[in-house]
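Visitor: I have a new structure open. Please show me how to read it, one feature at a time.

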Amino acid sequence: MAKVNVKICMGTTCFVMGSSQLQDLVDIVNKRYGEDVVVVGSTCLNYCTDNSEYSKAPYVKVDDVIIQEATIDKVLQEIDRKLKEDGKQ
Ligand code: FES
């Protein structure tokens with residue numbers, strides 16, 4: 001069964017811009033979705049350099065969708081959307 005893969009960028013820009021606060025996602029996702037969703041930390045995903053002065057960090061990737069200025073709510077919404085699309089909810 002396909003899983004949804006979530007990558008939280010832990011590169012310097014994203015970390016400084018708040019991705020450290022997204023680490024609670026690991027517990028939240030585990031409790032809410034069990035094995036259907038896998039959350040991992042990642043080195044710089046290279047999105048922060050596209051427009052560095054006005055970077056939209058922190059970045060999180062949910063499968064192939066890039067979430068800018070990521071918050072826990074935004075990531076959970078995208079996971080829900082993805083699971084619905086995959087017919088798991
Ligand atoms: S530090 Fe996150 S995309 Fe570069």
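Visitor: How many aromatic pairs does the count come to by the rule?

Guide: First, the ground rules. This is a predicted model, where local features need pLDDT of at least 70, side-chain atom pairs count only at pLDDT 80 or more, and totals for chains, interfaces and linings use all residues. Residues are numbered from 1 along each chain as its sequence is written, and side-chain values use heavy atoms, leaving out hydrogens and water. Now the rule: rings of Phe, Tyr and Trp (its six-membered ring) pair if their centres lie within 6.5 Å; planes under 30 degrees apart count as stacked, over 60 as edge-to-face and the rest as tilted. Here the count is 1 aromatic pair. The ring centres of Y47 and Y59 are 5.6 Å apart and their planes stand at 50°, so this pair is tilted.

Visitor: Where do Y47 and Y59 lie?

Guide: Helices (H or I, at least four residues) and strands (E, at least two) are DSSP runs, numbered from the N terminus. Y47 and Y59 both lie in the loop between β2 (37–42) and β3 (60–62), so the pair ties together parts 12 residues apart in sequence.

Visitor: Is Y47 buried or exposed?

Guide: Buried means under 20% relative accessible area, exposed over 50%, and partly exposed in between (1.4 Å probe, protein chains only). Y47 is buried, and so is Y59. For contrast, take D73 in helix α3 (residues 72–85). D73 has a relative accessible area of 55%, so it is exposed.

Visitor: Which residues touch the most other members of the largest nonpolar core?

Guide: A nonpolar core is a set of buried Ala, Val, Leu, Ile, Met, Phe, Trp, Tyr and Cys residues joined through side-chain atoms within 4.5 Å. In the largest one, of 17 residues, they are V6, V29, V37, V60, V62, V75 and I79. Two or more residues each come from β1 (4–9), α2, β2, β3 and α3. The largest share, 4 residues, is from α3. A second, separate core has 7 residues, including C14, L45, A57 and Y59.

Visitor: What does the side chain of S19 reach at 3.3 Å?

Guide: A polar contact is a pair of N or O atoms within 3.5 Å; within protein, one must be able to donate a hydrogen and the other to accept it, and residues adjacent in sequence count only if both atoms are side-chain atoms. The S19 side chain reaches the backbone nitrogen of F15 at that distance. A polar atom of the S19 side chain also lies 2.8 Å from the backbone oxygen of C9. S19 sits in the loop between α1 (12–16) and α2 (24–33). Its relative accessibility is 0%, so S19 counts as buried.
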